[in-house]
Amino acid sequence: MDCIKQKRILFYFTPIFILGYYFWIYYWKNDEWIKTFGGNLFSILAPLIAFAILLHASRKMKKVDKVFWILLSLGCLSYSISEILWFFIENIQKREVPFPGWTDLFYIVQTVSFMSAFIYKIIKTGKGLHLIKFAFDTCIIMTVAITFSWHFIMHGIIFQSNTTPFSMMVSVSYPIGDLILLFGAISFYFGSESFFPSKVINYILISLIIQALADSAFLYLTADNIYFSGSLLDPLWSLGFLLMAISGTYARERYGQKNLMKRTKRISLKDILSIRLLLPYLSVCLLFLVMVLQNKSYNSLMIGSAVAISLVILRQIFTLLENNSLIAQYHNLTEELEQKISERTEELTVKNQQLEDVVQKMRHMAFHDVLSGLPNRRLFLEKLEQAIDAAEQHGNRLAVVFIDIDRFKNINDTLGHEFGDLLVKYVSKQMAQSLRSTDTLSRQGGDEFTILLDNIHKKEDVIPILQKLQSVVAMPITIKEKELHISLSIGVSFYPKDGRTTEELLKNADMAMYSAKEDGRNNFKFFSKDMNLQVSRKMTLENGLRSAIKNDEFILYYQPQVDIQTGKVVGVESLIRWNTREAGMVPPGEFISVAEETHLIIPMGEWVLYTACKQAKAWHDAGNNQLKLAVNLSPLQFVHEDLVKMVAHVLDETGFNPKFLELEITEGVALNDAEEAIDKMQALRNLGVRISIDDFGTGYSSFIYLKRFPINTLKIAQPFVHDLISKHSNKALVETIVSLAHSLGLTVIAEGVETHEQLVSLKEMHCDEVQGYYYSKPLTVMQFTSMIENQAKEIPLNVF
């Protein structure tokens with residue numbers, strides 16, 4: 001049963017039970033046997049109920065409380081046994097209950113059990129009590145109680161002439177037991193805040209007082225031989241046990257709650273005037289009142305009064321000593337508190353300083369780039385906004401410079417991001433040292449930087465600053481034992497000519513920077529309105545390229561490569577063309593650079609390689625099984641980490657013989673990181689494909705590296721062939737290239753051959769192969785197929 005429900009039932013059952021008891025006694029007052037029979041049953045039932053409830057309440061309590069309630073329940077059980085014996089003797093055997101007898105033994109056991117419970121609880125819980133004051137208060141009240149008990153009860157029992165020693169001892173045990181119960185009640189009352197919640201204590205206190213008063217009245221009536229079984233006194237014992245049972249239900253209900261814990265309360269006027277504090281003094285006053293009301297003096301009352309007064313005096317002395325001790329403790333605590341406040345104040349001061357430092361660091365992190373330590377985009381925009389306001393107010397000009405490191409993406413992809421980060425830190429430091437103290441250098445992200453040049457009077461003032469920036473990175477840079485040549489593309493916009501807001505100035509400077517890149521990199525450009533058209537065209541091309549990949553708008557053209565001695569087609573170079581649905585053919589010079597910048601060249605290059613190999617396989621299957629296929633690799637394709645895997649996959653998918661595939665790379669890409677390039681080329685050669693250096697002579701070739709490169713072919717660039725007849729120096733250079741290539745065991749192909757004179761001259765130099773408009777322009781699949789079919793019929797090639 002739920003403890004709350006059990007408590008509610010018991011709360012209503014108790015008054016009904018007691019009223020029923022009194023009703024039985026009153027209703028059957030004229031029938032002695034029925035009256036005592038029912039009365040004894042009521043007396044048995046009440047302690048049995050209390051025993052069951054208290055034992056059940058102890059089940060889920062901790063050890064100290066469990067033992068306490070078990071001892072109380074055993075006391076109730078002992079009293080029940082005594083009442084059962086009384087019932088058996090009086091109602092069954094129908095004889096007078098002997099005194100002293102077995103019933104008295106179990107009555108005494110009940111008292112011992114109760115007292116054991118109180119002592120156990122006080123010993124286990126009394127550490128936190130004010131034990132001395134508690135002892136004084138208890139002793140004062142007990143002195144008064146003993147005095148009254150001696151005067152009114154025990155004195156008469158002890159000095160009766162007709163009692164035996166054993167009978168006298170049993171008789172005296174009852175008032176002593178009552179005093180012990182009273183002691184337990186008083187002890188619990190003074191220590192209630194540490195023992196149990198107030199309601200539990202109140203019910204225990206009332207229960208014990210009722211039992212003590214009932215026992216005292218019983219002894220007093222027995223001494224005068226006027227007590228009889230079934231008197232109005234009997235229900236009081238039952239009431240005491242039922243109240244004890246109610247206290248057990250309250251204890252079980254509130255077990256574990258905060259009010260079971262000891263609390264320290266501030267003393268108020270209400271506490272000073274409370275019954276608990278006044279009770280010792282009221283008991284002494286009561287003792288004096290009894291002495292005054294007695295007609296004659298009694299030594300017992302006088303002795304009790306003297307002892308009680310002595311205890312009161314000693315209690316007051318102790319209270320004064322305690323107050324002095326508390327005042328001393330208060331002063332000590334005050335000093336400790338002041339010391340702790342001082343220490344805490346100092347600690348908070350240090351913490352505040354640390355917090356300010358953290359805030360400064362966080363602000364620096366919020367407005368500065370982590371890698372370079374330069375102002376970030378947010379701080380740059382703030383400074384630019386302030387500079388615009390000042391320039392507008394004073395009529396000044398300012399410049400916004402947008403800088404990009406050329407080919408930074410290739411460096412990052414080839415050498416890794418850690419290498420790229422070191423390069424960014426180096427360039428940031430070099431540029432910061434070359435600027436004026438009034439200029440603001442910022443990193444926008446990646447390899448992009450911006451500079452705010454304040455107080456600019458004319459465009460020419462900016463040029464020396466830009467040239468200095470380019471010069472600080474012109475020298476070779478060595479990072480992790482790798483030597484790099486880098487350059488900067490720079491764009492500039494001016495306030496107020498090129499924009500009046502931060503967005504306009506940055507956008508236009510960025511546009512000028514891209515124009516510098518498209519114009520060959522490693523230079524600077526000032527913004528002009530014509531650039532808007534270029535950017536718009538570039539954006540249109542970028543969007544169109546993305547759609548072209550999805551919509552399959554690319555096609556391949558093929559330009560023949562001819563053996564210069566026999567005039568026969570020995571190879572073909574695949575060239576991509578873009579046939580838009582809206583504007584028709586777009587020249588490669590327009591969209592290849594955009595594809596490279598946007599990395600769209602990667603999927604485009606894979607498509608070119610796959611399509612060209614598939615077509616070349618078809619030509620091989622048709623009988624032209626010695627035909628070579630040349631495919632260009634863009635710089636971004638060559639440095640891509642999946643290049644070798646992609647080439648191997650295409651060859652596997654198309655089934656094209658790798659020894660007839662020649663991949664063309666520019667010498668600039670090969671020399672960007674020569675060791676990495678050699679490893680990549682060797683991996684491609686391991687697949688069985690051939691490697692050629694395209695546009696040889698236009699880059700920064702090193703003969704040492706050229707000797708180490710695992711290549712098969714050199715392609716002489718078109719500008720050298722174009723001026724082969726008109727410039728003697730070009731002819732000598734071409735002769736040198738051919739001779740060098742042959743000495744290295746390489747094949748030489750000349751590009752851009754357009755005249756018979758060029759062909760004759762190259763033939764005299766023993767060039768191996770040529771391609772150009774003299775033989776054929778780039779052809780569609782059908783045109784080239786027709787060419788090689790006609791070649792078999794010995795039709796001249798230059799008819800196309």
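Me: How are helices and strands assigned, and where does glutamine 771 lie?
Reply: Helices (H or I, at least four residues) and strands (E, at least two) are DSSP runs, numbered from the N terminus. This is a predicted model, in which local features need pLDDT of at least 70 and side-chain atom pairs count only at pLDDT 80 or more, while totals for chains, interfaces and linings use all residues. Residues are numbered from 1 along each chain as its sequence is written, and side-chain values use heavy atoms, with hydrogens and water left out. Glutamine 771 is found in the loop between β16 (769-770) and α29 (781-792).

Me: Is glutamine 771 buried or exposed?
Reply: Buried means under 20% relative accessible area and exposed over 50%, with partly exposed in between (1.4 Å probe, protein chains only). Because its relative accessibility is 3%, glutamine 771 counts as buried.

Me: Which exposed residues does α22 carry on the face turned away from its buried side?
Reply: The buried residues of α22 (643-654) are Leu643, Met646, Val647, Val650, Leu651 and Thr654. Seen down the helix axis, these buried residues fall within an arc of 130° (taken from the directions from the axis to the C-beta atoms), so they line one face of α22. The face turned away from that buried side carries the exposed residues Lys645 and Asp652.

Me: Which elements do the buried residues of α22 pack against?
Reply: Contact here means heavy atoms within 4.5 Å. By that criterion, the buried residues of α22 pack against α20 (601-621), α21 (635-639), β12 (661-666) and α24 (674-686).

Key: The expected span of a helix is 1.5 Å times one less than its number of residues.
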